[in-house]
Amino acid sequence: MTVPTANPRPDSEIERVLVVSAHPDDVDFGAAGTVALWTKAGIEVSYCMVTDGQAGGFETDRDRAEMPLVRRAEQTAAAAQVGVHDLHFLGYQDGYLEPTQDVIRDITRVIRQVRPQRLLCQSPERNWSRLPASHPDHLAAGEATVRAFFPAAGNPFAYPELTEEAWTVGELWLIAHPEFNHYVDITDTVEQKLAAVMAHTSQHADPGTLIPRVRTMLNHNAERAGFPESHYAEAFTVIRLG
Ligand SMILES: [Zn+2]
């Protein structure tokens with residue numbers, strides 16, 4: 001094991017969660033079933049989308065200038081399916097993302113505004129066995145978020161231009177990391193997750209094959225976790241600070 005054993009705080013101790021993702025739809029493929037469980041339990045979950053996903057989709061005749069609005073609307077609808085109504089869009093350009101000081105500062109600002117006890121983002125490390133999950137924007141968003149998680153958000157001397165008070169999150173959940181250490185059984189919320197995935201209509205050229213593919217992936221996660229047969233699970237890497 002190169003990652004420590006997962007030791008997440010019990011959900012009952014968590015009031016707020018912030019999810020940061022590179023593109024609209026990433027959180028729905030990676031974590032929406034778990035998010036639905038959290039909001040059901042009374043946890044407030046906020047989303048922060050770093051880019052507007054302008055380079056996504058398949059419609060060559062669509063005016064690309066429309067895409068930010070289309071994708072923000074789709075993500076807002078997807079979020080509502082899993083009980084999330086607080087969305088922050090940073091407006092960076094899809095396909096050009098780097099973990100620059102501007103990006104880290106903007107994520108730091110959202111962390112300090114939301115003040116979560118748990119932060120969920122994409123892994124900054126490439127997974128060679130699932131390369132599409134390691135899109136360069138995902139790695140960049142993940143790297144920027146991890147740098148904001150530690151040390152920036154909790155250090156009052158980092159980004160002194162920010163007016164928000166420093167905030168230490170303490171717990172980080174990664175999606176699409178090469179090595180998982182935690183699985184969440186999402187059998188009870190899988191339909192909500194699938195509805196959230198399907199809300200990104202501009203991204204699905206063949207919606208008929210998408211749902212079975214996602215179900216199969218979730219089944220495999222459940223199998224790896226040792227959950228009962230025909231259950232569904234999402235996979236994470238959980239890291240605690242200190
Ligand atoms: Zn993506």
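User: In sequence, how are the donor residues of the zinc ion spaced?

Analyst: In this predicted model, the zinc ion is coordinated by the ND1 atom of His23, an OD atom of Asp26 and the NE2 atom of His138, at 2.0 to 2.1 Å. Written along the sequence, the spacing of these donor residues is H-x2-D-x111-H.

User: Which parts of the chain do His23 and His138 link, and how many residues apart are they?

Analyst: His23 sits in the loop between strand 1 (16–21) and helix 1 (26–30), while His138 belongs to helix 5 (residues 136–152). The pair therefore links distant parts of the chain, and the separation between them is 115 residues.

User: Are His23 and His138 buried or exposed?

Analyst: The cut-off that matters here is a relative accessible area under 20% for a buried residue. Judged in this way, His23 and His138 are both buried.

User: Are Arg105 and Asp106 buried or exposed, and which network do they belong to?

Analyst: Arg105 forms a salt bridge with Asp106, with the closest N and O atoms 3.2 Å apart. Arg105 has a relative accessible area of 18% and is buried, and Asp106, at 10%, is buried as well. Through salt bridges that share partners, they belong to one network made up of Asp102, Arg105, Asp106 and Arg109.

User: What relative accessibility does Glu13 have?

Analyst: The side chain of Glu13 meets that of Arg9 in a salt bridge, at 3.2 Å from N to O. Arg9 is partly exposed, with a relative accessible area of 27%. Glu13 also counts as partly exposed, its relative accessibility being 41%.

Methods. Residues numbered from 1 in each chain as written. Predicted model: local features only at pLDDT ≥ 70, side-chain atom pairs only at ≥ 80, totals over all residues. Heavy atoms only, no water. Salt bridge = Lys/Arg side-chain N within 4 Å of Asp/Glu carboxyl O. Buried < 20%, exposed > 50% of the residue type's maximum accessible area, 1.4 Å probe, protein only. Donors = N, O, S within 2.8 Å, 3.2 Å for Na, K, Ca; no water. Helix = DSSP H or I, 4+ residues; strand = E, 2+ residues; numbered from the N terminus.
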